[in-house]
Amino acid sequence: MVDLSALRSKNRLFYVLLAVAGLVALGGMYAVHMMESHGHIISGMNNQIVWGIPHVFAIFLIVAASGVLNVASIGSVFGKAVYKARAPLASLLSIAMLGGGLTVLMLDLGRPDRIIVAATNYNLTSVFAWNIVLYSGMFSLVIVYLWTMMERRMNPFNKAAGLAVFVWRFVLTTGTGLIFAFLTARQAYGSALLPPMFIVLSFAWGLAVFHVVQRVIYLWNEKSLDPAIQQRTKNLLGVFVIGSLYMVATYHLTNLYFSHQTGFEHFILLNGGSITNMFWWGYIVLGNLLPLLLIYTPGLGKTKCVIAASSLVILGAFAFLYVFIIGGQAYPLNLFPGYEVSSSFADGQIATYQPSLYEFLLGFGGLAIAFIITTVSVRVLNFMPQDKPYIAD
Amino acid sequence: MSDLNSQRRQFLKTTLGASAVAIAPGMLLYGMAHSKSAAASDKVRWGMLIDTAQCKEGCNDCVTACNKQNGLSGGTKPTDSQFIRKISIKDVSTGYEQSLPMMCQHCEQPPCVDVCPTQASFKRADGIVLVDRHRCIGCRYCMMACPYKARSFVHEPLTDQNPDVPRGKGTVEACNLCVGRIDNGQTTACAEACPNNAILFGDLNDANSEIALKIRSVASTQVRADLQLNTGIRYQGL
């Protein structure tokens, strides 16, 4: 006998959640409207910190959107059954986060009304322009990939679609890293290490998001995840966290070796105030060390620990991007090496940045869009991982 | 009969006069709009040579002239546009101090043009790097890419613009080397305003121009020459 009252209250909860997310998304639209009518003066961004909190949210969502597909690739490309069962959910999350991230990125433009110009006047040398193709291509490819999984007649094309998505997302995250890698004159950027670093970061962030969403879906459906599967994906998260820590350490340590970069590194690692705190406490301790402890300490590593570790990895991602984007711009351009520099345009000074409420509204609006796409899709279509009782591989 | 004739003549005269009055402003505007139809030539490379020894600390005349020319407020908040600014530099090892104007360096290989997704940042045939305000979507990637911090973003709605130099909220802007003045055969506002003639404007490609002759005879440098952008703005005495 089905308990109808429980079903009804769950139904109500679904609509409440949807309404709350809708309100948050509406808050984002309000921020866009305000920035449109008043200009970016109402944001905390200025001529030194030209990319702010909206970019932290947008880049997190886009990088995680690529990384979450790792779950799908391990299934479709490398044939692991446990992951294959999760490929539809991973693909859905990818579409949702890409949608949210791109919305934030687009609505933060000075002239979002002119977005069509990006298609009509294409600059072949611009990595931003490449990314427009990469993002829309990813969107379409993942939809096709989902189709090959969810429509039985399309199943034969699943392997090919999976491989295409696998290749595409590597190129896409490379493109995201290149946005910064191509900035020749900035101390924080202009390094060929950035694209691979973003790829490894995307693995960790994407899997962390996947863990959290999967947990919520299992709870909602009153199911419990097979501990053997949990164990496998938990260990994978640990490996990804160690991998990303390695990439970030290499990036900073190579910088420290070059004497012309030590000023910048001292700013980030030692005397950058909130930036330094965000790096050590936010990214290193909360975003890496604590998750690793939760994953690998004997006796820990159960469901709650994995979800806590994943949530911390997500928080750490925001801390990392804040340091990377805001800290990277706050450090002044080195126009005259060997000289002390000052001017009315803040040359030679560390820039200050006070993010405004509107920026956060826009950023959370993007998260809300990703949330709405996910919850509605999970309700109307079957994205629940269907594990076979026996794990074949 | 003669009365009829004179009436007809009067009618024809009035019609002709009215037609002339109706057409003349249009013809005049058409003529004005098309009088400068010659496109920028790639035989020319406009540039400036700035003599830092002549540039005085505390003098801001070039900045004031630039602000007036481009209709800028002259404000120095982090959100205000500054096309040109005075930079004070001090050699860390010797303590030697200098003052110099800094603006868009009008690179031959401009990073801002490379990264712009919509080709709004572009380099004219004569070497002037400009922003097409109708194409700029305000992504600010060019501001990230510029090694000279030469670009500003319009953060607020604008009023009382200079009609010769239209600007737009939500788009990026920078020194345009007074392109309108150059097309009228004039020099840049900053070069004209400098009381010490520290800024020499001219055609770098014309072997007989004053700037080309001077660049051949004195030691000049490009800021961040290591980036190999081949700037149109050169500095003497750095």
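User: Which residue in β3(B) does S88(B) stand opposite?

Analyst: S99(B) is the one facing S88(B). Keep in mind that this is a predicted model.

User: What makes strand β2 (residues 84-91) of chain B and β3(B) count as paired?

Analyst: The cut-off is at least two bridges between the strands. Here 7 bridges join β2(B) to β3(B), so the two are paired, and they run antiparallel.

User: What do β2(B) and β3(B) form, and which residue in the turn has a positive phi?

Analyst: They make a hairpin, with 5 residues between the two strands. In the turn, G95(B) has a positive phi of about 80°.

User: Why is strand β3 (residues 97-103) of chain B called largely enclosed?

Analyst: Count its residues: 6 of the 7 are buried, so the rest of the structure largely encloses β3(B).

User: What makes β1 (residues 46-51) of chain B a partner of β8(B)?

Analyst: Again you need at least two bridges. There are 5 bridges between β1(B) and β8(B), so they pair; the direction is antiparallel. Within that pairing, I50(B) stands opposite I199(B).

User: Over in chain A, why is the pair of W51(A) and F128(A) called stacked?

Analyst: Ring centres must lie within 6.5 Å, with planes under 30 degrees apart. This pair has 5.8 Å centre to centre and 10° between the planes, so it passes on both counts. The two residues are 77 residues apart in the chain: W51(A) is in the loop between α1 (4-38) and α2 (53-67), and F128(A) is in helix α7 (residues 127-150) of chain A.

User: Are those two residues buried or exposed?

Analyst: Buried means under 20% relative accessible area. W51(A) comes in at 2%, so it counts as buried. F128(A) has 17%, so it is buried too.

User: What makes F180(A) and F198(A) a stacked pair?

Analyst: Their centres are 6.1 Å apart, within 6.5 Å, and their planes meet at 5°, under 30 degrees, so the pair is stacked. F180(A) lies in helix α8 (residues 158-181) and F198(A) in helix α9 (residues 194-220) of chain A, 18 residues apart. F180(A) is at 0% relative accessibility, so it is buried, and F198(A) is buried at 0% as well.

User: Why is K149(B) called buried?

Analyst: Its relative accessible area is 10%, which is under 20%, so K149(B) counts as buried.

User: How do you know that C178(B) is buried?

Analyst: At 9% relative accessible area, C178(B) is under the 20% cut-off, so it is buried. C178(B) has a positive phi of about 50° although it is not a glycine, and it is found in the loop between β7 (172-173) and α5 (179-183) of chain B.

Notes
Residues are numbered from 1 along each chain as its sequence is written. Chains are lettered from A and ligands numbered from 1 in the order in which they are written. This is a predicted model: local features need pLDDT of at least 70, side-chain atom pairs count only at pLDDT 80 or more; totals for chains, interfaces and linings use all residues. Side-chain values use heavy atoms; hydrogens and water are left out. Rings of Phe, Tyr and Trp (its six-membered ring) pair if their centres lie within 6.5 Å; planes under 30 degrees apart count as stacked, over 60 as edge-to-face and the rest as tilted. Helices (H or I, at least four residues) and strands (E, at least two) are DSSP runs, numbered from the N terminus. Buried means under 20% relative accessible area, exposed over 50%, partly exposed in between (1.4 Å probe, protein chains only).
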